[in-house]
Amino acid sequence: SDKFKSKLIHISTDEDYGDILKGRTTEKYPYYPSSPYAASKAASDHLVSAYVRTYKIPAIITNCSNNYGPKQHPEKLIPKLIYNILKNRNLPIYGKGLNSREWIYVADHCEALIKIFQKGKIGSFYNIGSNINKTNIEVTKSLLKIARKNIKIGKNVKIKFIKDRPGHDVRYALNSKKIMRELKWKPKINLINGLNLTFKWYLNNLKYYSNFKMSDATKRIGLGR
């Protein structure tokens, strides 16, 4: 509508769909969040969607898969693993490491958001993902392979399984065909190239970690009480 001078892109998550043991979720798939965090994200999506319908605000909702890349908070899996590899520490992995996630390099996500802002349909939902899933163990092994090509790895760098997060879903998997078809977007950076870029960035910017508490990179946070 003419009275609005701006457009809202509400950035949400694949967690809203809940545990997807088989197949991939399209934008028409029902929300079934498992954790209170995911439920709050799902609720915010519904709020924005309701404002579009009731008040005609120019908003679009996106659901993206796991992001990774430079400057990510070290409590997240990939920067946490890199930190512990560089510091010759154990690599903490939830449960048995079989949780499966779809990974997207941050620059690819940003390009998708720009396309959605420019050409996306008001009131629409768009899934943004790579459509390729990897278990946490697979990601860890790929990172270790990359690390070995760049540095001498210390003897303490070993996978250590830790207690799983409460309400931790086994698998998220998006179907991103809508954005690929309608807006001609697709990810450009595959996981191995992205992990390579990410590892090298942290290796060359180790002081970035000093902005955070050591425990952010070594311990599990957000424990259920």
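**View 1. Arginine 101 meets its partner across two strands.** In S7, lysine 134 is the bridge partner of arginine 101. Welcome to a predicted model, in which local features need pLDDT of at least 70 and side-chain atom pairs count only at pLDDT 80 or more, while totals for chains, interfaces and linings use all residues. Residues are numbered from 1 along each chain as its sequence is written, and side-chain values use heavy atoms, with hydrogens and water left out. Strand S5 (residues 100-105) and S7 run antiparallel and are joined by three bridges. Two strands pair if DSSP finds at least two bridges between them; strands (E, at least two residues) and helices (H or I, at least four) are DSSP runs, numbered from the N terminus.

**View 2. A step back shows the open sheet.** Its three strands follow the order S3-S5-S7, with mixed pairing. Strand S3 (66-68) and strand S7 (133-135) are the edges, each pairing on one side only. On average, neighbouring strands here are turned by 55° against each other, direction ignored. Helix H3 (residues 106-119) lies across S3 and S5, at about 75° to S5. Axes are lines fitted to C-alpha atoms, for helices over the stretch in contact (heavy atoms within 4.5 Å), and angles run from 0 to 180 degrees between N-to-C directions.

**View 3. Now for strand S6 and its neighbour S2.** Four bridges link strand S2 (residues 59-64) with S6, and the two run parallel. Cysteine 64 stands opposite isoleucine 128 in S6. From strand S6 (residues 125-128), Phe125 and Asn127 point one way, Tyr126 and Ile128 the other, and all are buried (under 20% relative accessible area, 1.4 Å probe, protein chains only).

**View 4. Here is the largest nonpolar core.** This core has 26 residues, and Ile78, Ile82, Ile85, Leu143 and Phe199 have the most contacts inside it. Such a core is a set of buried Ala, Val, Leu, Ile, Met, Phe, Trp, Tyr and Cys residues joined through side-chain atoms within 4.5 Å. Helix H2 (77-86), strand S4 (91-94), S5, helix H4 (136-150) and helix H6 (191-204) each supply at least two of its residues, and H2 gives the largest share, seven. Leaving aside neighbours within four places in sequence, phenylalanine 199 touches several residues, including Ile82, Leu143 and Asn150.

Key. Buried means under 20% relative accessible area, exposed over 50%, partly exposed in between (1.4 Å probe, protein chains only).
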